Amino acid sequence: MKHQVMLRIGPASFRVGSAWPQPIVDLARLYAAYPQPEDGIADFTVRLEPTRPWRRFIRPSVFIGGDHMLADAAPMALAHGLLAAEMGMNMQMALGWRRHLLLHASCVEKDGRALVMTGESGSGKSTLAAQLGERGWRLMGDEFALLDPTTGQIFAFPRLVSLKNQAIAVMQGEAPAERFGPLMRDTPKGDIRHLVPNRSAVTRMDEGTIPALLLFPRFGFAPEVREVGQGEAFMRLTQASTNYVTLGERGFTALTRFVTDIPARAIDFSSGDEAIAMIDRLWETLA
Amino acid sequence: MSGALLVAVLRNPASASRLTPGDWNGLIAASRAERLIGTLAVRLAGVSVPASVEPILADARDEAAREARQALWEADRAAAALAGTGIPVILLKGTAYAAAGLRAGEGRFIGDLDILVPRDRLDDVEAAILAAGWEWVKPDPYDDEYYRRWMHELPPMIHKERDRMIDIHHTILPLTARQTPDAAAMMADAVPLDGGLYVLSPEDRVCHAAAHLFADGDLAGGLRNLWDIHCLLTECRSMPALTARAAQHGLTKAVARATRLADALYREDRSGLTAFDHLFVARLLARDGWGRETRKLLRFAFFVRSHWLRMPPIMLARHLWTKWRKGHRPA
Amino acid sequence: MSEEKGRNAGDPQGLPPEDESLVTPTRRRLLMGGAVAASAIVSIRPALASTAASVLNCRIPVPDPPHASQHIAADGSLVPAGTQGAVPGAGRPFTGEEVKAALRGRHLPGTSYEQNQAYLNYIRRLQSGTSGFTCYASLQMPR
Amino acid sequence: MAQDQYRAEPASDYILRSLDDVTLVYHRRSGQTHIVVSPVPEILAALTGDISSTAEIVARLSHDYDLGDPHDALAAVQTHLDEMVALGLAHVA
């Protein structure tokens, strides 16, 4: 393809091609500190292509393609090309990654142990991880946590943090301006702005960590902590994993070990500071 | 062109040791797009490849093993569902190759479960399959009537718990096609396996694969189907036996062309190719280093041809109209 | 798991012994669910569909393109154009977010009351293999 | 169905794992995970070994457990067995 970039995020590497220069320029700038794929060979290919040949120029419309694709994908405006590229990489992971049990969860690490937070979009897991990542924890990822079936360790996937709507302002108060990507207004997911994870998140991206606590955060409710049984945690994590079923017995072994070894809590919260105080207390007592 | 590279490496796995990183990226993308990465990974087992390629191939081999296990389970469930009817379950395509342990099944991507049953027992089969938890995919009466009137299979069904599709065939080509293979003879000569399952005879497997390659598609995914044929040919008892069987099914031309193309691409024996065959080769290899299909015009020509082969002209016009309105995604 | 001690070797009919005193007194009560036992098995299904909405933006055409010329009855079924009480299809596909909001009581954008009801019923009836199904399924996934 | 004889899927074909509130069954041939609660794990254990009728399974269970009304128990075990057969965890012999 006319424009391309290669990059590695944790254990997974990507080759992104585009019919237009801008998404590649943005990716190259924001991922400048990330390593290149080993040997120059990528695990996955992502393509940003015009939906029809003339749509490269007239009302440009980006179709997200690649090795693995999903039906019903909607094309996106070229102004949201960076988001399209990120979605394309996520899609490869969600559909194609087999080396770990992939949990749709954010993850941070402290003192060699990991806190895993899972929940649907809007639960606040992504923003919480981003905030903790600026307050002494190592950000391991805001979207996917990779559980190693052999060792039980969590591996990082610290892609760009995808900040939505109010979370953008929250994080502008915590991280310097040069780590932000362009503001993309009115995307299908609302306003989006990417944040480059800090130095330690990037330089330590290959370090695995033993998980110590599993949280199911829920934003927008009065503060409350509830114990989550192993059965419920197992059930919810199978639904938060895109490759649980495809990993077969390896996935079963990894996930049963995870839910029997690690305490799980559901936490409701109404503000970030409140949630962080709750997390600190739980981390003290449980992890 | 990565289509040609893929074919070359499948043909001669040792040649992979000379590939550049750019070649590898193209090869991996093309083999995924052609759903041949599992086959490629099996072929490359034991060949020295770059460190970053090894886990990609290992994943593909694991995936293929899982696919095979899943497919065999679906076959087992279909056999259990039909056990009370006394109707034999004849497996077709990928599941058949996996169940019979054929070379074509090694690393192969397997999608839906395809089975062949006698046309006069279709009602019993349909009832037994529905009772065992499969349900219609499309509730649309137009589609249903279309299938029952013109197609060689029932409308697709999906299992409501396992989310896996089953295609129940009563012959191997649409009833609108000009060739009329002898489905009864295929069933009579099917070979029994364990667990109440059957597969077609070696010659009928080639006939079916060839008919499917040319008549029942626009050659999309053709490299994989042709790899099947290349492998299946080695298991035929003799060429005369195959030729005679093809003639019985009215598939002489299809089987001859499939054999020529398989020899050209996977044995590098291009001696038999006709001028028209070269167009097929170009169409089959139309895949670039990003895994995209190339040669739009040629592809469109094959698309129209495939429909011309199986539909009366007025139906064709209506069908193409609908397809065109449906729009195409770049691929 | 239960232990396999005390197998019923002396019970040729295979029926529960009548004299309760012969049986270990510490037996745990096993909840059987009675004659109309509810299912005690839940099978895990792939969560693939949930990625459609979470990692990808998805959309649902109403109706799906092969049936673009058909109209939609109030119950969501597809009927020939001109059928009494049926409405024509939507001019553009709805996004996952729009459908999600509509399932919670908001109107699908740019629709009348009748259209909104018919479209939502059509979406609820989507079957695997139809355009938009993966997207709809992803909205249904409990987390 | 009441006269049918049943046999278990060989124990090597599945993994049982008890969590604090439910039991998990991973079935290798289908690749499916089933979350089960009583009395399914108990029926699975009672089925291991010989080919058995529903009545024999009920008899075995009643040695270790209080099953309540015997006729209801027979009907309930039958319902669960049918479901286990459909999933491939048990087979009609």
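A:Ala33 sits in the loop between H1 and strand E3 (44–50) of chain A, where helices (H or I, at least four residues) and strands (E, at least two) are DSSP runs numbered from the N terminus. With a relative accessible area of 62%, A:Ala33 is exposed; buried means under 20% relative accessible area, exposed over 50%, and partly exposed in between (1.4 Å probe, protein chains only). A:Ala33 and A:Gly112 are 79 residues apart in sequence and 23 Å apart in space, C-alpha to C-alpha.

This is a predicted model, in which local features need pLDDT of at least 70 and side-chain atom pairs count only at pLDDT 80 or more, while totals for chains, interfaces and linings use all residues. Residues are numbered from 1 along each chain as its sequence is written, chains are lettered from A and ligands numbered from 1 in the order in which they are written, and side-chain values use heavy atoms, with hydrogens and water left out.

**Domains of chain A**

- Chain A is assigned domain 1 (3–96) and domain 2 (101–286); the bounds come from an automatic or database domain assignment.
- The centres of the two domains, taken over C-alpha atoms, are 24 Å apart.
- In contact across the boundary are 23 residues of domain 1 and 27 residues of domain 2 of chain A, contact meaning heavy atoms within 4.5 Å.
- About 2100 Å² is buried between the two domains of chain A, and carbon and sulfur atoms give 70% of that area. Buried area is the accessible area (1.4 Å probe) that two parts lose on being put together, summed over both.
- The interface of domain 1 and domain 2 of chain A has 2 salt bridges, a salt bridge being a side-chain nitrogen of Lys or Arg within 4 Å of a carboxyl oxygen of Asp or Glu.
- A:Arg8 and A:Asp206 form a salt bridge through their side chains, at 3.0 Å from N to O.
- Between domain 1 and domain 2 of chain A there are 7 residue pairs in polar contact (both at pLDDT 80 or more). A polar contact is a pair of N or O atoms within 3.5 Å; within protein, one must be able to donate a hydrogen and the other to accept it, and residues adjacent in sequence count only if both atoms are side-chain atoms.
- On the side of domain 1 of chain A that touches domain 2, at least two residues each come from strand E1 (3–9), strand E2 (12–18), helix H1 (22–30) and helix H2 (81–96).
- H2(A) supplies the largest share of that side of domain 1, 7 residues.
- That side of domain 1 of chain A consists of 16 nonpolar, 3 polar and 4 charged residues. Ala, Val, Leu, Ile, Met, Phe, Trp, Tyr, Cys and Pro count as nonpolar, Asp, Glu, Lys and Arg as charged, and the others, Gly among them, as polar.

**Buried residues of chain A**

- A:Ser106, in strand E6 (residues 101–110) of chain A, is buried at a relative accessible area of 0%.
- The side chain of A:Ser106 reaches the backbone oxygen of A:Lys125 at 2.9 Å.
- Not counting residues up to four places away in sequence, A:Ser106 touches residues including A:Leu115, A:Met117, A:Ala129 and A:Asp142.
- A:Thr209 lies in the loop between helix H5 (199–203) and strand E14 (210–219) of chain A and is buried, with a relative accessible area of 2%.
- The side chains of A:Thr209 and A:Arg138 make a polar contact at 3.2 Å.

**Contact between chain D and chain A**

- Chain D gives 11 residues to the contact and chain A gives 13.
- The area buried between chain D and chain A is about 1000 Å², with 66% from carbon and sulfur atoms.
- Between these chains there is 1 salt bridge; D:Arg28 and A:Glu249 form a salt bridge with their closest N and O atoms 2.6 Å apart.
- The side of chain D that touches chain A has 6 nonpolar, 1 polar and 4 charged residues.

**Backbone geometry**

- Most residues other than glycine have a negative phi, and most peptide bonds are trans.
- C:Val62 and C:Pro63 are joined by a cis peptide bond, with omega about -5°.
- The peptide bond from D:Ser38 to D:Pro39 is also cis, with omega near 5°.
- A:Arg59 has a positive phi, near 40°, and is exposed at 61% relative accessibility.
- B:Glu268 has a positive phi, near 55°, and is exposed at 55% relative accessibility.
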